[in-house]
Every structure is written in structure tokens, then in C-alpha cells.
Amino acid sequence: MAASPRKGGTPWTRRTPLVPLRYLTLPGHGPEDVVADPAGRVLTGVADGRILRVDGLDDPSAPRVEQVAEIDGRPLGLELLPDGDLLVCSADGALLHVDLGGGTGKARVLTGSAAGERLRFCSNVVALPDGTVYFTVSSRVHPLRDWMGDLVEHTGTGRLLRLEPGAREAEVVLEGLQFANGLARGADDSFLIVAETGARRLTRYGLTGPRAGRAESLVEDLPGYPDNLWRGAPDGPVWVALAGPRVPPLDLLHRAGPAVRRRAARLARSAPYRPSGTAGVLAVDDDGRIVHHLTRRRSGFRMVTSVCETGGRLVLGSLAERGIAVCEAP
């Protein structure tokens with residue numbers, strides 16, 4: 001993969017402060033992904049399987065939180081459909097469809113396998129206008145509870161999968177990814193952007209035209225570990241959540257042999273994880289240029305795993321927090 005050009009010099013020097021406005025505690029832990037609906041309400045999934053909807057973000061005295069669905073499993077990536085329904089990636093290995101538009105909250109499994117193999121660790125999902133769904137699997141080796149083990153071992157077993165309308169099994173379109181995570185559509189739907197957390201990279205996968213079926217780097221050497229992606233409007237940027245800042249010793253470990261990395265991964269499984277005190281998000285355009293780089297050191301809100309924009313505000317989710325953060329949008 002060839003690195004994309006960086007215009008205007010090294011982008012990481014153009015940081016601006018991430019300004020928090022309020023923290024909204026939720027009745028649940030770990031709102032890993034956040035997405036905004038057309039009415040400005042935010043949907044998120046928490047650890048016990050519930051899908052919550054948050055309204056009144058601009059009213060700190062009385063935000064309204066309601067449960068709209070519950071799934072069997074731990075919800076990760078979410079994708080709102082034009083009819084108001086929701087696609088949900090389950091960390092336990094399935095892609096789900098949830099009836100929100102009809103108000104029942106009923107969930108059904110769209111697929112639980114790819115190429116004859118049971119899915120594990122589904123992470124993020126997007127739907128195209130023709131009904132085709134693409135989603136990521138972060139690891140074929142480690143489950144969600146051992147996500148750090150996969151980053152340390154650097155397994156490169158992440159995948160990008162495609163589910164055609166009416167199909168019961170997904171097709172593998174791209175593999176060998178380093179902890180495939182967030183996913184976003186290009187503005188013209190000619191490509192997808194995949195976040196590779198373990199490589200600190202955004203990868204572009206062509207859907208149409210001369211680049212169809214090809215993967216190439218969009219942005220490399222990110223200043224942190226990219227997680228979920230969000231694109232609110234086709235003419236807007238893609239927002240990138242940074243789950244933590246770059247860890248140079250981890251870069252060195254990735255250059256070691258597989259046996260060394262496996263031993264280090266076993267140690268990582270037994271060590272308690274302490275999220276960094278630095279919170280950060282990026283916005284990039286379809287050419288890989290950095291539009292915004294917002295950071296806050298000594299942040300009270302840690303491990304930013306998702307970001308969406310609504311009502312002139314940025315909303316942050318986290319696998320480690322018991323709520324969401326509302327921040328100023330640039």
C-alpha cells in the first residue's frame with residue numbers, strides 16, 4: 001500500500017483543543033459507538049445489550065434517555081438506515097437488523113458466518129443505497145474481551161465483509177487487516193474507508209471504477225489508534241475517533257517475531273488496562289487530508305471509541321465510560 005500525500009506539511013502539528021461542554025451519564029456501561037439520527041438524537045449500545053436513544057443534548061438539566069431495543073450480545077458498531085431501522089454489529093459474532101422504524105425494537109440476525117466460518121468480533125458496518133452491507137471483523141483470533149491481546153500480537157486477521165441483499169452468508173472481500181474497525185462510505189459511494197486500529201492507518205477499498213477491489217492507504221502514521229468512523233453528510237468530512245495516543249513501545253514490538261508477540265499478548269491479557277488521559281478525534285476528507293485534529297490532554301473522558309456530529313456539537317462514545325461527552329465542534 002502506498003502512503004497518500006499529505007498536503008500542507010505534517011498534519012499533526014495543527015492540533016486544536018477539544019473543548020468539552022458536558023458529560024451525560026447513561027444507565028449502562030461502555031457506549032462504544034454513537035450515531036445521530038436526522039432529529040439530532042444519539043443512538044448507542046451499552047455492555048448489557050441494550051440500545052439507548054438520547055435526546056435533549058442541548059438541555060444539560062434534562063436529557064432524555066430511553067431504551068429502544070435489546071440484543072443478545074454486546075453491541076458495537078451501529079448504522080442507521082433510511083427507513084429508521086438500525087444495523088448492529090454484535091461482538092459475539094453476528095450482524096443484526098433492529099426494527100426501530102416500526103417501533104418494535106425486534107432484532108433479527110442477518111448473518112453469523114462468512115465463507116463457511118462462524119463470525120467473531122464484528123465491529124462496524126455501513127449500508128449502501130442498493131442494500132449491500134459491508135462490515136468489519138476486527139480479529140479471527142481474539143474476542144472483544146481480549147482486544148488488547150490482538151493489538152499486541154498484531155495478528156493481521158481483520159476482515160472486510162460484504163453481505164448482498166437477501167444473502168445469508170457474508171463474502172470476504174479484504175483480509176489481512178490489522179484490527180479492522182471503523183467503516184465509512186466515500187462521498188460518491190465509489191469506495192469505503194476502513195480504520196485499521198493496529199496499524200494506525202485508514203485504508204481505502206475501491207467499490208467502483210478502475211480501483212474496484214483494490215486496497216490502498218488513505219492516511220498512514222496516525223497520531224493514535226483509530227476506532228469508529230462517522231460521516232454525517234456526503235459533503236462533510238469523515239470523523240475518526242482516536243482510542244488512545246500512539247504508544248512507541250508497541251510500534252517496536254510489532255517489528256518482533258510472532259513468538260515474541262504471542263508471549264507479550266499473553267502478558268497483556270493478565271494486565272489491567274488503564275486508558276490514556278488524552279482524548280482525540282480527527283476529521284479527514286476523501287483525499288486523506290486532515291481537516292481537523294482535536295485533542296485534550298488530562299481529559300476526564302477516556303478511550304474515545306466513537307464520535308458523531310449533530311446540532312453543531314461533537315458527541316463522543318467510549319468503551320470505558322458510563323456516559324457520553326458533548327464537545328464543541330470546530
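## Strand β14 and its partners

In β14, Phe135 is the bridge partner of Val125. Strands here (E, at least two residues) are DSSP runs, numbered from the N terminus, and two strands pair if DSSP finds at least two bridges between them. Before going further, please note that this is a predicted model, where local features need pLDDT of at least 70 and side-chain atom pairs count only at pLDDT 80 or more, while totals for chains, interfaces and linings use all residues. Residues are numbered from 1 along each chain as its sequence is written, and side-chain values use heavy atoms, with hydrogens and water left out.

Strand β13 (residues 122-127) and β14 run antiparallel and are joined by four bridges. Their hairpin has five residues between the strands, and Gly131 in it takes a positive phi near 95°. On to the next neighbour: β14 pairs with strand β15 (residues 158-163) in the antiparallel sense over five bridges, and Tyr134 has Arg162 as its bridge partner in β15.

How many residues of strand β14 (residues 133-137) are buried? Five of its five are, so the strand is mostly covered, where buried means under 20% relative accessible area, exposed over 50% and partly exposed in between (1.4 Å probe, protein chains only). In a regular strand the side chains alternate between the two faces of the sheet. Both faces of β14 are covered, with Val133, Phe135 and Val137 buried on one side and Tyr134 and Thr136 buried on the other.

## A four-stranded open sheet

Another place to look is the open sheet of four strands in the order β7-β8-β9-β10, with antiparallel pairing. Its edge strands, β7 (75-80) and β10 (107-111), each pair on one side only. From one strand to the next the twist averages 30°, with axes being lines fitted to C-alpha atoms and angles running from 0 to 180 degrees between N-to-C directions.

Within this order, strand β8 (residues 86-90) and strand β9 (residues 94-98) run antiparallel and are joined by five bridges. Leu87 stands opposite His97 in β9.

## Nonpolar cores

A nonpolar core is a set of buried Ala, Val, Leu, Ile, Met, Phe, Trp, Tyr and Cys residues joined through side-chain atoms within 4.5 Å. The largest one has 41 residues, of which Val281 and Leu316 touch the most other members. Strand β27 (residues 323-328) gives the most to this core, with four residues. Apart from it lies another core, of 16 residues, including Leu95, Leu110, Val137 and Leu161.

Leaving aside neighbours within four places in sequence, Leu316 is in contact (heavy atoms within 4.5 Å) with residues including Leu18, Val34, Val281, Phe301, Ile324 and Cys327.

## Ser190 in its loop

Ser190 sits in the loop between β17 (180-185) and β18 (191-196). With a relative accessible area of 17%, Ser190 is buried. Its side chain and that of Asp188 are joined by a polar contact of 2.7 Å. Such a contact is a pair of N or O atoms within 3.5 Å; within protein, one must be able to donate a hydrogen and the other to accept it, and residues adjacent in sequence count only if both atoms are side-chain atoms. Not counting residues up to four places away in sequence, Ser190 touches Gly206, Leu207 and Thr208.

## Cysteines

Cys122 is buried at a relative accessible area of 0%.

For Cys327, the closest cysteine sulfur is in Cys308, 11 Å away and too far for a bond. Cys327 also counts as buried, at 2% relative accessibility.

Definitions and conventions:
Disulfide = S-S within 2.5 Å.
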